[in-house]
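Work through the exercises below with the model open. Try each task before you read its solution.

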Amino acid sequence: MAYAIDLFCGAGGCSEGLIQAGFDILFSSDISDMVELTYRHRHEQLGLHQGYNTWFERSDVRNLKGDFIWQKIKSLEWFNNGERECPKDIDLIIGGPSCQGFSRAGRRKKDDPRNMLFGEYVRVIHEIRPRYIVLENVEGFMDMQFIGYVGITGIHYEDGSITPNILRNELKEIGYHTLEPKILNAADFGVPQRRNRAIFIGYRNGEKKPNYPIPTTHEQPLTLQDAISDLITDSPIQNRIKESQYQKDCKKGRTPDIHGNPIPVGDKLTNTELPNVTEIVAERFSLFEQGESGSNLRKRVKKEGIDISEKKALIEMCCERLNKTADEIVQIFKNGNCTEEEIDVLLTKKNIRQRWNANQPSATILSIADDYISPWEARTFSVREMARCQSFDDSFEFLGKRTTGGLLRRVEVPQYTQVGNAVPPLLAKAVVSEIKKCV
């Protein structure tokens, strides 16, 4: 038996990979109540029952102590009814400390308290003493600098010390070797998404040295068409596209239940609701070519012109805001001699939108999907489509609110965020399968 603990588990991307690789998850934890709904529901699906063969604790990691974790593990029913023998060692602890403070996608704050959670992760490792550890995070984790950082062993690090060096030294101080930290791209491991993650692998003194996984799809990455073309809502388009092996695997299921059987999707696919868009927004989306960003669309409109003669809602809006006739509006944009102000009215000033290319992997899935446009239809994506791009099984159901906005984004973790924050299960599987070879 191989036993694991999943900290900062989120909706369960790493847990899916752990189970696919043959680990039993004895303990897991996250701070979000929305995440807990999804995570525990999935584990019930898999036959992992709270208090019987696994334990989920909703908690801030700063309040989690090693003694408490061991207490919950030792109290599991299957260790007390003679079904299994309680392990003396945990084979693996995996975790992804909250990464917003490290992310290059937004503002980076050196004093962001979330940046210190990796130190709490090291503390739990010190208290549990697992044989192997994995820490995953965003690329920004690799060059984040600290001022006045003090480790759990009391070491004061020089101002400007970068996180990887601090982490490796802290682990060395508590009796762990580490491999050189590495950036892995999910697209190299069967995930139809370009997503780089920083991976740290450590092993307790005296244990066998593990390896990083070898890429399997580096030369031929899976594409968006491989991932979600069967979820196109326009029937004539969908009928022309053949189901891919990736889609078949998602429907059949990769993650086995407690008896070793994968869970197929069933009669109804969940999380397929599409965001509502106005006619103006849909017409605006339709102006994008596959693979084109908002800034590139602006350049094309200005250089080559664009025909909006069939875009009635956009024409009407432009007439009203620019005080011109419909014919004048059509000619302004068709001739390509429009002003920046006129383009702002047509497209808005928002340049981060992008229409994805069906023949390439998706871009990195983020927690807000408002700015991704389907290659085939003038719309954004469903939670299920985002989950497919992350390599979740179709039987995996995301619960709680579908989305949120404003200040609530600081505290809520709705379905889109659960998907965007997750580690792709197939990437997690590739990493922990190398650990499994050593235990």
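**Exercise 1: Ala282**

Ala282 has a relative accessible area of 21%, so it counts as partly exposed (buried is under 20%, exposed is over 50%, partly exposed is in between; 1.4 Å probe, protein chains only). The model is predicted: local features need pLDDT of at least 70, side-chain atom pairs count only at pLDDT 80 or more, and totals for chains, interfaces and linings use all residues. Residues are numbered from 1 along each chain as its sequence is written, and side-chain values use heavy atoms, with hydrogens and water left out.

Solution: 
- Step 1. Ala313 is 31 residues from Ala282 along the chain, and their C-alpha atoms are 9.5 Å apart.

**Exercise 2: aromatic pairs**

Task: Classify the ring pairs Phe118 with Tyr149 and Phe396 with Phe398.

Solution: 
- Step 1. Apply the rule: rings of Phe, Tyr and Trp (its six-membered ring) pair if their centres lie within 6.5 Å; planes under 30 degrees apart are stacked, over 60 edge-to-face, the rest tilted. The count is 16 aromatic pairs.
- Step 2. For Phe118 and Tyr149, the centres are 5.6 Å apart and the planes at 15 degrees, so this pair is stacked.
- Step 3. Phe118 belongs to helix H5 (residues 117-128), and Tyr149 to the loop between strand E6 (145-146) and strand E7 (161-162), so the pair ties together parts 31 residues apart in sequence. Phe118 and Tyr149 are both buried.
- Step 4. For Phe396 and Phe398, the centres are 4.8 Å apart and the planes at 45 degrees, so this pair is tilted. Phe396 and Phe398 are buried.
- Step 5. Now follow the links: ring pairs join Phe118, Phe141, Phe146, Tyr149, Tyr157 and Phe200 into a cluster.

**Exercise 3: charges over rings**

Task: Which residue lies over the face of Trp55, and which over the face of Tyr246?

Solution: 
- Step 1. Use the cut-offs: NZ of Lys or CZ of Arg within 6 Å of the ring centre and within 35 degrees of the ring normal.
- Step 2. Lys72 lies over Trp55, 4.2 Å from the ring centre.
- Step 3. Arg254 lies over Tyr246, 4.9 Å from the ring centre.

How values were computed
Helices (H or I, at least four residues) and strands (E, at least two) are DSSP runs, numbered from the N terminus.
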